[in-house]
Structure formats: C-alpha cells, structure tokens
Amino acid sequence: MIQHLRNRQFRCRGGFVFVTLVVGFALTLSACKGDQQKPASSQGANSAPAVAAPNPADFDPPANAPAAPKVDGKRAIQYAQEIVNFGPRPIGSETHRKVEDYIKSKLQGLQIEEDKFTANTTAGNFPLNNIVAKIPGKKDGIIVLASHYDTNYPLRDENFVGANDGAATSGLLIEMANQLKAKANDGYSIWFLFTDGEEATVNWSAQDSLYGTKHLAKKWQQDGTAAKIKAFILLDMIGDKDLDVDKDGNSTPWLQEVIGRAAERTGNKKYFYNSEQAMDDDHLPFKDINVPVVDLIDFTYGFNNLYHHTTEDKMDKISANSLQVVGDTVLESIRALNTK
Ligand SMILES: [Zn+2]
C-alpha cells in the first residue's frame with residue numbers, strides 16, 4: 001500500500017501535535033471569552049448537537065447469543081494462491097482483467113455490482129473496477145468489508161505478485177463470504193468490496209493513490225449509501241506470518257475497540273494493537289464522509305519492512321493462521337455490531 005509512510009507519518013504526527021496545541025489554545029481562549037460574555041443558557045445555541053460515540057462494551061454479545069462462524073484459513077490462503085498464480089495484476093493489465101473475473105466467479109450466488117470508471121491518474125487514464133458483492137440482511141444498515149486487489153503499478157515490470165499486499169485479504173474476503181452466505185442473515189447487510197487502484201501510479205501522495213475508493217465514496221455519498229454504512233472494515237497486509245495488527249491512528253476509535261474486544265473473545269488479542277501507526281489507506285475516503293472506519297493492517301512486513309513492495313512479497317511470507325486470526329475476529333466483530 002503506502003510508500004514513504006514513515007516519513008509522512010512523522011510529519012503528520014508533528015502536524016497533529018502542533019494543530020492540537022493551536023486548537024487547544026484557541027478553544028481555551030474562546031471558552032474564557034464565552035464564559036465572560038454569554039450566559040450559560042445561550043452557550044451552544046449555534047453549535048451542532050454533539051453525537052456521543054458509541055460505547056464499545058455495549059456491543060459485547062449476550063452470553064446466550066449464537067456463536068459467530070469461523071473461517072477456513074486454509075481455504076482463504078488457497079484463494080490467495082490462486083490470485084497470485086495469475087502473476088502481477090497492475091491496473092490496465094490483462095492479468096488484472098482476469099483477476100476481476102476470478103473474484104466474480106468466486107462470489108456466485110451473491111448480488112454483484114461493479115463500479116467501472118476511467119481514472120485519470122498521474123500515469124495516465126486507466127479503466128478501474130470496484131467490485132461489490134452483497135449479502136442482504138434483515139436489519140437496516142450495511143457493514144462493508146474491503147480489500148484492494150490491484151498490485152503496485154510502479155512495480156509492474158518486476159515479478160511483484162502482492163501475496164500479502166492485496167491477494168491475502170482478497171482471498172480472505174472470499175472465504176468470509178463463503179461463511180456468511182451459508183445461512184440466513186438476520187443482521188445488517190454485508191457488502192464485500194474489492195477495491196481497485198489503491199496503489200500509487202508514480203509516487204504515493206494524497207493525489208496519486210486510492211483512486212477506486214475516492215470514486216466509490218463520492219458515488220455512495222451522492223446516492224445515500226454512505227449514510228447507511230454502520231462500519232467500514234478494511235483489511236490490508238494481514239497475511240504476514242509474523243502477524244501484529246497495528247492500532248491505526250486514522251481509524252474510528254469506538255469501532256477499533258469493538259474489534260479489539262472481538263479479538264479478546266476469540267482468543268486472538270495477542271495479535272492486535274501492540275504498535276500504533278497512522279495509516280493512509282482505502283478507509284480514508286470513507287472517513288472523510290463520516291463513515292465509521294477501521295483499517296486492520298500489519299505494516300511491519302519482514303525485518304525493517306523488507307518485504308513490502310518488493311518481489312519478496314510471496315506466498316512463503318504469509319500464513320493460513322494469520323488469515324484465520326483476522327477472519328475469525330472480523331466475523332466476531334460483525335456479530336457484535338449486530339447486537340445494536
Ligand atoms: Zn501496496
């Protein structure tokens with residue numbers, strides 16, 4: 001996914017601290033001013049009503065609630081292998097088109113929608129396709145599970161197959177669909193989103209990245225879909241054999257904690273949130289339109305991140321167990337989200 005993230009991250013964090021100080025100082029000033037000038041009864045008359053964030057503990061399922069299904073980690077990694085077997089799948093390539101067909105073939109029985117458009121990227125125009133497969137539910141609302149499936153375009157002439165970076169999570173999404181479509185869905189609708197054009201075309205920047213999700217977030221904002229999304233759960237690079245899912249500083253805290261509590265209940269807590277990083281990833285365009293988002297990503301891939309965006313990102317670096325851990329935790333999180 002991200003290039004030069006660490007440098008950017010430190011800049012972001014520095015900026016965040018600075019902004020926090022400035023805003024905090026300004027708020028202190030305005031609060032003092034308000035205290036002096038306005039009677040308490042009129043304070044806040046012009047401000048939007050505060051919406052309290054949900055309490056993560058309120059989502060803990062009751063003891064007698066039916067258990068969540070579990071994924072088959074071996075089958076999930078088999079799908080990842082099949083995607084990798086196509087070879088590099090950068091945007092605009094024949095392989096990319098074949099992988100689109102492969103993904104759709106694995107989601108038979110679900111309602112499939114394609115968001116096809118031409119992206120005007122830093123490297124020129126490319127046809128992109130966000131693929132959405134839907135399991136309708138009885139409750140009014142949508143939970144989106146997302147993974148990108150394109151491989152890094154700048155590495156298109158190397159044998160970069162993105163086993164962890166795109167294939168593992170796409171395979172896991174297919175397997176979670178297998179589990180969730182197996183019985184009637186009394187909860188929220190589940191949408192499996194295979195995003196396209198996540199990768200930069202030249203150098204990662206706010207402009208040169210996330211082409212598919214920027215397009216789809218705009219579309220879903222305009223057609224009213226975004227307002228129905230209860231949770232947008234993004235998976236990226238979590239096939240790593242040495243799994244440690246980061247606590248992402250750009251995710252919605254209450255949703256992140258609902259998933260942390262699900263990890264605890266499934267016995268997987270040790271794999272989660274041992275390090276913190278702020279991620280620029282496919283969740284950001286949805287965060288920008290006020291959708292609750294979380295990015296489940298392990299952005300330490302090999303010593304000193306040696307396997308990230310290199311030809312070393314191969315099947316021997318990922319494991320069925322890591323997909324099992326994240327898949328089971330996400331399915332338990334869906335069970336929790338459905339309690340509300
Ligand atoms: Zn990548």
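**Helix packing in a predicted model**

Of the 340 residues of the protein, 54% are buried (under 20% relative accessible area, with a 1.4 Å probe and protein chains only). This is a predicted model, in which local features need pLDDT of at least 70 and side-chain atom pairs count only at pLDDT 80 or more, while totals for chains, interfaces and linings use all residues. Residues are numbered from 1 along each chain as its sequence is written, and side-chain values use heavy atoms, with hydrogens and water left out.

The secondary structure comprises eight helices and eight strands, taken as DSSP runs numbered from the N terminus (helices H or I, at least four residues; strands E, at least two). Among contacts in the protein with a separation of 6 or more, 81% join residues 24 or more positions apart; contact means heavy atoms within 4.5 Å.

Helix 8 (residues 320–337) has 18 residues and reaches 25 Å from its first C-alpha to its last, close to the 26 Å expected at 1.5 Å a residue (1.5 Å times one less than the number of residues). Because 15 of its 18 residues are buried, helix 8 is largely enclosed by the rest of the structure. Helix 4 is also mostly covered, with 18 of its 19 residues buried.

The axes of helix 2 (residues 73–85) and helix 8 come within 8 Å and cross at roughly 115°; axes are lines fitted to C-alpha atoms over the stretch in contact, with angles from 0 to 180 degrees between N-to-C directions. Helix 2 is therefore roughly perpendicular to helix 8 (65 to 115 degrees). Gly73, Lys74, Ala76 and Ile77 of helix 2 meet Ala320, Leu323 and Gln324 of helix 8 in this contact.

Conventions
Buried means under 20% relative accessible area, exposed over 50%, partly exposed in between (1.4 Å probe, protein chains only). Angles under 35 degrees count as roughly parallel, over 145 as roughly antiparallel, 65 to 115 as roughly perpendicular and the rest as oblique.
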